[in-house]
Amino acid sequence: MQKIEPIVWKDSYKLGNSFIDDKHKKLIETVNLLVDCLNNEQQHESFFSIYHRLAFYAESHFMEEEHFFQQNHCPNISEHKKSHGKFIAQLIQFQKLYEQQREEIYPELFMYMKNWIENHILIYDKCMIDNMNKSSCI
Ligand SMILES: [Fe+2]
């Protein structure tokens with residue numbers, strides 16, 4: 001199987017809010033556990049245990065983030081929620097592809113996840129943090 005590139009945390013992902021920044025680091029770490037598992041061709045049991053950990057972590061992080069931004073009266077929460085929904089939909093799709101052993105698609109799929117994480121943090125989450133700090137928001 002073609003090796004999958006892990007996602008590398010960059011300082012530019014820091015939004016200056018340690019509560020959110022720590023969660024994003026953890027999200028990337030958890031995606032990378034799945035990357036390691038696939039790159040090392042580990043057992044299905046390991047895959048599903050990490051996959052479920054990631055799905056649970058992503059879902060609870062998104063809910064927590066939505067609640068946090070709601071409490072801080074940020075606008076456009078519904079757009080933000082839609083973007084979170086796309087990531088969850090992608091994870092569900094990934095489980096189906098894994099069960100069908102569509103290994104050739106994994107690198108592309110993780111590239112999508114990487115791009116999603118980068119764009120989501122730097123556009124949606126940044127916008128919310130900026131808004132909380134009373135800067136302009138798109
Ligand atoms: Fe978010």
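**Figure 1. Contacts across the protein chain of the predicted model.** Among contacts between residues at least 6 apart in sequence, 65% join residues at least 24 apart. The protein chain contains four helices and zero strands, and from the N terminus on its elements follow the order α-α-α-α. The radius of gyration is 16 Å, close to the 14 Å that the globule rule gives for 138 residues, so the chain is as compact as a globular protein of that length. The C-alpha trace spans about 45 × 25 × 20 Å along its principal axes. Of the 138 residues, 20% count as buried.

**Figure 2. The largest nonpolar core of the protein chain.** This core consists of 12 residues: I4, I7, L27, I28, V31, L34, V35, I50, L54, Y106, F110 and M113. The elements that contribute two or more residues to this core are α1 (18–39), α2 (44–71) and α4 (106–132). The most is given by α1, with five residues. When neighbours within four places in sequence are left aside, L34 is in contact with I50, Y51 and L54. Another core, of seven residues, lies apart from the largest one, and its members include I20, Y124, M128 and I129.

**Figure 3. The packing of α2 against α3.** Two packed helices are described by the angle between their axes and by the distance between those axes. For α2 and helix α3 (residues 77–99), the angle is about 175 degrees and the axes are 10 Å apart. Angles over 145 degrees count as roughly antiparallel, and α2 and α3 are therefore roughly antiparallel to each other. On the side of α2, the residues that meet α3 are F47, Y51, L54, A55, A58, E59, F62, E66, F69 and Q70. Their partners in α3 are I77, H80, K81, H84, F87, I88, L91, Q95 and Y98. The residues of this contact comprise 12 nonpolar, four polar and three charged.

**Figure 4. E41 in the loop between α1 and α2.** Phi of E41 is near 45 degrees, which is a positive value in a residue other than glycine. Is E41 buried or exposed? A residue counts as exposed if 12 or fewer other C-beta atoms lie within 10 Å of its own; E41 has 10 such atoms within 10 Å and is therefore exposed.

**Figure 5. Q101 in the loop between α3 and α4.** Phi of Q101 is near 55 degrees, a positive value in a residue other than glycine. With 8 other C-beta atoms within 10 Å, Q101 is exposed.

Note on methods:
Residues are numbered from 1 along each chain as its sequence is written. This is a predicted model: local features need pLDDT of at least 70, side-chain atom pairs count only at pLDDT 80 or more; totals for chains, interfaces and linings use all residues. A nonpolar core is a set of buried Ala, Val, Leu, Ile, Met, Phe, Trp, Tyr and Cys residues joined through C-beta atoms within 7 Å. Two residues are in contact if their C-beta atoms, placed from the backbone, lie within 7 Å. Axes are lines fitted to C-alpha atoms, for helices over the stretch in contact, and angles run from 0 to 180 degrees between N-to-C directions. Angles under 35 degrees count as roughly parallel, over 145 as roughly antiparallel, 65 to 115 as roughly perpendicular and the rest as oblique. Ala, Val, Leu, Ile, Met, Phe, Trp, Tyr, Cys and Pro count as nonpolar, Asp, Glu, Lys and Arg as charged, and the others, Gly among them, as polar. The radius of gyration is taken over C-alpha atoms; the globule rule is 2.2 Å times the number of residues to the power 0.38.
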